[in-house]
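Please look over the structure below with these notes beside it.

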Amino acid sequence: MPIINFIIYLLTMIGIYSLLAMSLNFQVGFTGLINFGQVAFFCIGAYTSSLLVVNAGVPVVVAFLVAMALSGIFGYIMSIPTKSLKSDYWAIATLASGEIVRLVALNEAWLTAGPFGVMGIPQILKDLIPKDAYPVFYLLFVIACIIMVYIFLSMLTNSPFGRNLKAIRDEEELCLSLGKDTQKLKLQAMIVAGTVGGLAGSLFAFYIQFISPENFKPIETFLMWAMIIVGGRGNFKGAIIGAVVIQLFNVSTRFLGNYVPLGSDSMAALRMTIIGVLIILFLLFRPEGLIKEKKKVYD
Amino acid sequence: MLTIKNLEKRFGSLRALDDVSLEVEDDSIVGLIGPNGSGKTTLFNVVSGFYEKDGGEVYFKGERIDGLPPNKIAKKGLCRTFQVSKAPEKMTVLENMLLAAKRQLGENPFSALFMRPRVQKSEKANLDMALELLDMLQLSQLKNDYAGDLSGGQKKLLSLGRVFMLKPDMILLDEPTAGVNPTLRVQLMEAIRQLQKMERKAFFIIEHSMKVISNICDKVYVLNFGKKIAEGTPEEIQQNEQVLEAYLSGA
């Protein structure tokens with residue numbers, strides 16, 4: 001039984017990170033926005049929904065929606081400097097915004113309980129689901145969210161809106177010359193991406209039932225980047241496959257420590273080293289990732 | 001249609017545009033020529049809002065447009081192409097054309113999600129128009145190729161197609177025929193002529209080929225070292241000694 005429980009845990013974490021990778025792919029792969037602060041959405045989503053439920057007793061559905069809205073608003077705030085910063089400098093700014101969000105969670109103890117984190121986050125619909133079936137139920141819930149987000153984002157990227165985003169990614173000046181308000185489009189893209197990231201954060205908090213600033217370090221952002229580098233940019237299947245590959249590796253090696261004669265510290269370091277090597281290998285030999293961006297063909 | 005008054009643009013101590021005044025009248029084709037580095041493209045960049053001016057005024061359809069961002073100027077009906085064609089690498093030729101279409105539905109997330117039937121209908125109409133234009137530009141067989149894979153000349157044609165999709169009132173063309181084969185070049189010029197006659201659009205064209213200029217332009221302005229040194233009909237310009245000197249000393 002423990003092995004089945006572990007597999008369900010693994011799949012659920014893959015699912016949650018798929019959402020984060022899809023959101024990041026929407027920014028990087030479609031709009032060309034190099035966001036190194038993706039974890040901020042994850043963090044805001046997790047803290048908002050869990051604090052609303054734990055401290056304010058807000059219904060879970062409302063808490064999820066508010067969490068998504070707040071992450072979306074944070075996406076809007078993050079997009080403001082794109083007006084004056086070139087993309088590489090904006091990328092540095094996003095790295096900072098990710099850390100700022102985590103540091104606020106760490107230091108504003110009156111709101112977030114600081115380093116102790118938020119404890120006792122209740123399980124959703126706990127009374128209705130038998131205890132044994134709960135992990136499977138939650139996994140199905142996460143999968144349902146993935147399907148919804150997949151459809152939602154695909155509808156957007158296949159629309160004239162998505163076409164404008166791709167054009168910003170490839171040739172921003174051309175977009176301006178065609179009368180597109182690129183600033184506004186980037187802003188809208190960041191709101192969409194933030195909302196999806198907030199959903200992932202809420203799902204994570206109510207799954208783990210305990211969150212602390214430790215969960216939202218910059219390394220999480222780089223795992224999400226590894227997912228879209230391995231999976232491929234400019235399509236959502238790639239993001240999901242990338243999440244599978246990286247999470248499979250990242251989560252399963254955590255438990256391998258018991259069987260490998262290495263200390264847990266060296267295991268953790270080794271894990272990151274191998275992910276780094278994987279990224280380099282992909283950039284060298286398969287820069288487009290496992291799944292290429294699909295060409296949009298009209299007949 | 002377009003009135004430029006005492007336009008100035010400096011890059012450091014270099015006067016790229018020095019007190020340039022000119023006018024493009026309604027439904028006319030006006031040429032802009034001059035040696036390399038004389039400020040032609042700079043003039044386009046300032047007029048289309050990509051550069052900030054250092055002095056002077058620009059009016060389009062009687063309205064002052066200097067200081068507006070490029071997308072607002074394009075929305076007002078003044079559109080441009082680039083000397084080095086811009087072609088989104090990972091977008092097909094048809095996507096490029098559809099990208100440019102004017103007043104599209106579904107350009108924001110909300111309408112893209114909730115007005116899909118209407119968006120699809122407008123896409124269909126734009127698609128028909130795009131195919132027709134591609135036919136005229138002889139790009140039909142490349143419609144599903146990535147724009148990044150086109151040759152330089154084909155990119156020039158595509159940028160013309162995109163601008164036509166926008167249906168502007170006035171078009172600034174920066175060397176529209178550079179790299180285009182001679183037969184097609186003639187056809188292109190013919191297409192521009194027809195468009196100007198039928199739809200009464202104004203064109204302002206930077207061009208190096210005197211032949212092209214004298215074939216289609218009603219009026220020509222000549223720039224040298226950022227200054228306007230001559231204006232007149234193509235015949236007058238070809239006789240103008242100052243112009244000949246500028247071109248010969250540069251060559």
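1. Strand β4 (residues 55–60) of chain B is joined to β5(B) by 2 bridges, and these strands run antiparallel; in β5(B), B:Arg64 is the bridge partner of B:Tyr59. Strands here are DSSP runs of E of at least two residues and helices runs of H or I of at least four, numbered from the N terminus, and two strands pair if DSSP finds at least two bridges between them.

2. This is a predicted model, in which local features need pLDDT of at least 70 and side-chain atom pairs count only at pLDDT 80 or more, while totals for chains, interfaces and linings use all residues. Residues are numbered from 1 along each chain as its sequence is written, and chains are lettered from A and ligands numbered from 1 in the order in which they are written.

3. The open sheet of 4 strands in chain B has the order β2-β1-β4-β5, with antiparallel pairing. Because β2 (14–24) and β5 (63–64) of chain B stand at the edges with a single partner strand each, one side of each is left without a neighbour in the sheet.

4. Between the chains, 27 residues of chain A are in contact with 30 residues of chain B, contact meaning that C-beta atoms, placed from the backbone, lie within 7 Å. On the side of chain A that touches chain B, α6 (134–157), α7 (160–170), α8 (172–177) and α9 (182–208) of chain A are the elements that give two or more residues, and the largest share, 7 residues, comes from α7(A).

Notes. Contact = placed C-beta atoms within 7 Å.
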